[in-house]
Amino acid sequence: MPDLKAAIVPVTPFQQNCAIVWDEATKRGVVVDPGGDVERIREAIAGQGVKVERILLTHGHIAHAGGAAALREGLSAEGAPVPIEGPDERDRFLLDGLERQGQAYGIAGVRNVLPDRWLAQGDAVDIGGHAFQVLHCPGHTPGHLVFFSEAQRFALVGDVLFKGSVGRTAFPYGDGAALIRSIREKLFPLGDDVAFLCGHGPGSTLGSERRTNPYAGEGVR
């Protein structure tokens, strides 16, 4: 990833990997999945000297979207409006229920959020001047998205795939079979050399997970 840099800011009691991704030459970038702890995220942005141009959401769970409204408001107050883009509109019910999720988990300051732009399969988003494809990868949630750069051989996969694991589907709206299809039919074909950042824990490569992942790899039938 020679042109892009990324910094991980663990947020919320779920230790979600909020990612700041930017072009090192221009310092233009995005924040991906600001689940909470907004002041910590803003300190990290300032520390890296990044000009945030948009906020991207992979899906609508509180750990990934709970701080999006507050971050948009704070960053936009400093200059040009900072839009929120994503997820797929099939996660609208989750974004409409963020405050309830916060109450259920005892997390204060969570606000419902409406993106400035819903995203869908086939769309593209700009990260510091680099084009990322939008892939709809349902299963963990109905509207979960992945952002992939062909040129950088890099993906932001949210809670679809982890190092040695996959996203949970034990929700009324979860779909385990759809999740495995998303991984095998949309992610693995991108190429073994593709590195990824995920929503929790360390990143990996698609090749490593294809070969060894005990839930979605080649050894699983």
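The numbered points below describe the fold of this predicted model, from the whole chain down to single residues.

1. Basis of the note. Residues are numbered from 1 along each chain as its sequence is written, and side-chain values use heavy atoms, with hydrogens and water left out. Because the model is predicted, local features need pLDDT of at least 70 and side-chain atom pairs count only at pLDDT 80 or more, while totals for chains, interfaces and linings use all residues.

2. Overall dimensions. For 221 residues a compact globule would have a radius of gyration near 17 Å, and the 16 Å of the protein chain agrees with this (the radius is taken over C-alpha atoms, and the globule rule is 2.2 Å times the number of residues to the power 0.38). Along the principal axes, the C-alpha atoms fill a box of roughly 50 × 40 × 30 Å. The accessible surface of the protein chain is about 9300 Å², and 52% of that belongs to carbon and sulfur atoms (areas come from the Shrake-Rupley method with a 1.4 Å probe, and for residues only the protein chains shown count as cover).

3. Burial and contacts. Of the 221 residues in the protein chain, 52% are buried, where buried means under 20% relative accessible area, exposed over 50%, and partly exposed in between (1.4 Å probe, protein chains only). Among contacts between residues at least 6 apart in sequence, 61% join residues at least 24 apart, a contact being heavy atoms within 4.5 Å.

4. The protein chain has seven helices and 13 strands, which are DSSP runs numbered from the N terminus (helices H or I, at least four residues; strands E, at least two).

5. E2 and E3 run antiparallel and are joined by four bridges, with tryptophan 22 having glycine 29 in E3 as its bridge partner. These two strands form a hairpin with four residues between them, and lysine 27 in the turn has a positive phi of about 65°. E3 and E4, by contrast, pair in the parallel sense over five bridges, and valine 32 stands opposite leucine 56 in E4. The chain crosses from E3 through H1 to E4 in a right-handed β-α-β crossover, meaning that, with the strands pointing away from the viewer, the path from the first strand over the helix to the second runs clockwise. E4 and E5 are also parallel, joined by two bridges, and isoleucine 55 stands opposite isoleucine 84 in E5. Four of the five residues of E3 are buried, which leaves this strand mostly covered.

6. Helix H1. In H1 (residues 38–48), Val38, Ile41 and Ile45 are buried. They lie on the same side of H1 because they cover an arc of only 60° around the axis, the arc being that of the directions from the helix axis to the C-beta atoms. The face turned away from this buried side carries the exposed residues Glu43, Ala46 and Gly47. The cover over the buried residues of H1 includes strands E1 (4–11), E2 (16–23), E3 (28–32) and E4 (51–56), as well as helix H3 (68–77). Just after H1, glycine 49 takes a positive phi of about 70°.

7. Helix H3. The buried residues of H3 are Ala68, Ala69, Leu71, Arg72, Gly74 and Leu75. They pack against E3, H1, E4, helix H2 (62–65) and E5.

8. Strands E8 (residues 145–149) and E9 (residues 154–156) run antiparallel, joined by three bridges, and serine 149 stands opposite phenylalanine 154 in E9. Phenylalanine 147 is found in E8 and is buried, with a relative accessible area of 0%. Leaving aside neighbours within four places in sequence, the contacts of phenylalanine 147 include Leu56, Leu57 and Thr58, as well as Phe154, Ala155 and Leu156. Aspartate 37 is 110 residues from phenylalanine 147 in sequence and 23 Å from it in space, C-alpha to C-alpha.

Definitions and conventions
Pairing = 2+ DSSP bridges.
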